[in-house]
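This report goes through one protein chain, from single residues to the fold as a whole. The sequence and structure come first.

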Amino acid sequence: MMTPSTDRNPGFLSALERLIWTPPWVKWNPEANHDLSWGMNILFGMAASFSVANLYYSHPILNILADDFDVSDQRSSLVPTLTQAGYAVGLLLIVPVGDIVRRRPMILSLIFMTSLIWLGCTLTQSFSAFLGLSFLVGLLTVTPQLMFPLAVQYAPQRHRATMISIVMSGLVFGVLVARLLSGIVTQFTSWRNVYWVSFGLQVLVWIFLFFTMPDYPVLSPGTSYPRILLKIVTLPFRKPELTQNALIAFLTMGMFTSFWTTLTFQLADTFHLSTLAIGLFALIGISPVFLNPVISRLIISRLHPHGSLIIAHLMTIAAICIGTWVGTFSLAGPVIWAFFGDLGMNTIIVSNRVAIAHVDPKAQNAVNSVYMVHTFCGQLFGTAVGNALYAQGGWTWSGAFNVAQLIAGLFVLVLRGPHEKRWIGWRGGWSLRKSMTEENAQPSAAQGDIEAVNEDTVTEVPTEIPTEDEGTKEKIEDQDKKGEGSRDIHIKSEA
């Protein structure tokens with residue numbers, strides 16, 4: 001019955017086949033070593049950077065957009081609002097799909113469609129069309145949130161924290177550079193040139209990914225879309241570690257967005273800086289991005305995530321206190337806050353990512369959706385409350401609010417210890433160093449993918465990092481019949 005339809009659309013099917021075609025050298029080989037390389041890791045960071053930048057190019061040029069489209073400033077403010085709304089919908093409805101389909105064609109299709117829609121934003125002369133296209137751009141700009149689970153899943157254990165931090169650094173770099181580049185280029189030329197540059201960067205990333213990105217297998221074959229959406233609802237009630245780190249992300253991103261939105265008013269009203277100087281101030285926030293992989297290597301990879309989170313919270317609280325007080329009379333205050341505050345924020349986010357890496361290896365994108373929804377809500381919360389407090393009491397009030405958010409995050413952290421399996425308590429010890437098992441363990445998710453390729457049914461994968469490989473497990477099962485000691489080893493490996 002499908003033949004007539006197929007015959008009527010040969011061009012469309014041919015284009016679709018080319019889009020999802022997989023070069024032979026990146027096809028999945030279950031017997032090969034699929035550890036994430038540094039080159040692919042950097043490419044993931046670039047893809048995250050150039051994709052997330054789409055959400056922020058419009059922020060510093062809303063007045064220019066209003067003049068060019070002949071609309072009011074209030075109406076032009078709908079551009080970032082609708083873009084962020086589309087992004088929120090994408091986090092909820094599109095990111096979880098990454099658990100039930102092949103991720104290579106999904107990522108390539110998202111970037112390809114986003115590029116086409118972005119081209120429409122660049123060319124359109126209608127503000128209504130620009131608004132609608134901006135919503136669709138936000139909806140499809142979820143590529144970075146598909147990169148994080150891949151980095152967690154395939155990064156070698158000894159480099160996992162550093163590789164996650166590289167993707168995170170790319171994300172933050174994209175957020176800050178988008179505002180900086182957009183403001184500077186628009187001041188000397190047309191805003192459409194910024195959009196043309198972004199279009200070219202997205203096409204470039206698509207080409208690189210098309211020829212180098214492996215065709216990773218499906219995480220949860222056989223799982224339906226409604227079931228994976230239901231898992232997003234149930235995960236926060238079943239996984240204490242996910243809920244704890246998601247709440248910390250909510251408060252941390254609330255602090256981050258509150259600072260950067262109120263900073264503009266403080267620099268303009270108190271220190272009388274020009275628009276260009278305020279835009280260049282973002283360079284201070286960018287510099288910690290390059291230090292984050294070093295911090296990850298020296299601290300996060302050696303400590304339990306709990307330990308690095310405590311250090312990052314204390315450092316960030318100190319930076320906010322100094323920045324709030326000194327910032328009332330000296331430009332050094334915002335500089336200190338921007339540098340050390342962003343460094344602390346990046347460390348918190350990477351530590352969170354490491355902490356939730358094995359919450360549910362067969363539903364990593366659903367886990368990421370839960371985490372990112374909390375992050376997004378924290379951004380909205382921080383922007384709204386921070387601006388309201390700044391309007392009422394100035395820099396000191398907004399700074400106090402940010403200190404309160406970080407103290408609340410530290411409180412959430414200490415409610416549940418590093419080895420606690422339940423919701424509250426410190427059972428399992430106080431040690432903040434990684435155990436030898438954690439340092440030498442192999443990633444379970446990659447192994448789960450290999451199994452998924454060779455099996456017709458979905459099998460359960462342990463949420464803890466396995467301490468034995470499959471061959472050893474079989475040997476242990478044979479030895480289990482011979483002695484009680486071997487039975488204990490078997491039980492431990494299956495726990």
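I349 is a residue of helix 17, which covers residues 332–355. The model is a predicted one. With a relative accessible area of 4%, I349 falls under the 20% cut-off and is therefore classed as buried.

Which residues touch I349, once neighbours within four places in sequence are left aside? They are M168, M253 and Y371. N245 is 104 residues away from I349 in sequence, yet the C-alpha atoms of I349 and N245 are 9.0 Å apart in space.

## Q153 and R103

Q153 belongs to helix 9, made up of residues 143–154. The relative accessible area of Q153 is 1%, so this residue also counts as buried, the limit being under 20%. The side chain of Q153 has a polar partner: a polar contact of 2.8 Å links it to the side chain of R103.

## The nonpolar core

In soluble globular proteins, nonpolar side chains tend to be buried together. In this model, the largest nonpolar core contains 116 residues. Within that core, F44, Y195, L209 and Y216 have the most contacts. Helix 18 contributes the largest share of this core, with 12 residues.

Apart from neighbours within four places in sequence, F44 is in contact with L36, M147, L150, V167, L209 and Y216. Two of these partners, L209 and Y216, are themselves named among the residues with the most contacts inside the core.

## Helix 18

Helix 18 runs over residues 364–415 and has 52 residues. How far apart are its end C-alpha atoms? The separation is only 25 Å, whereas a straight helix would reach 76 Å at 1.5 Å a residue.

Helix 18 also has a kink of about 140°, and this kink is centred on G393.

## The chain as a whole

The chain has 22 helices and 0 strands. Of its 495 residues, 53% are buried. Among contacts with a separation of 6 or more, 82% are between residues 24 or more positions apart.

Methods:
Residues numbered from 1 in each chain as written. Predicted model: local features only at pLDDT ≥ 70, side-chain atom pairs only at ≥ 80, totals over all residues. Heavy atoms only, no water. Helix = DSSP H or I, 4+ residues; strand = E, 2+ residues; numbered from the N terminus. Expected span 1.5 Å × (residues − 1). Bend = angle between axes of the 7 residues up to and from the residue. Buried < 20%, exposed > 50% of the residue type's maximum accessible area, 1.4 Å probe, protein only. Contact = heavy atoms within 4.5 Å. Polar contact = N/O pair within 3.5 Å; in protein donor to acceptor, adjacent residues only side chain to side chain. Core = buried A, V, L, I, M, F, W, Y, C linked by side-chain atoms within 4.5 Å.
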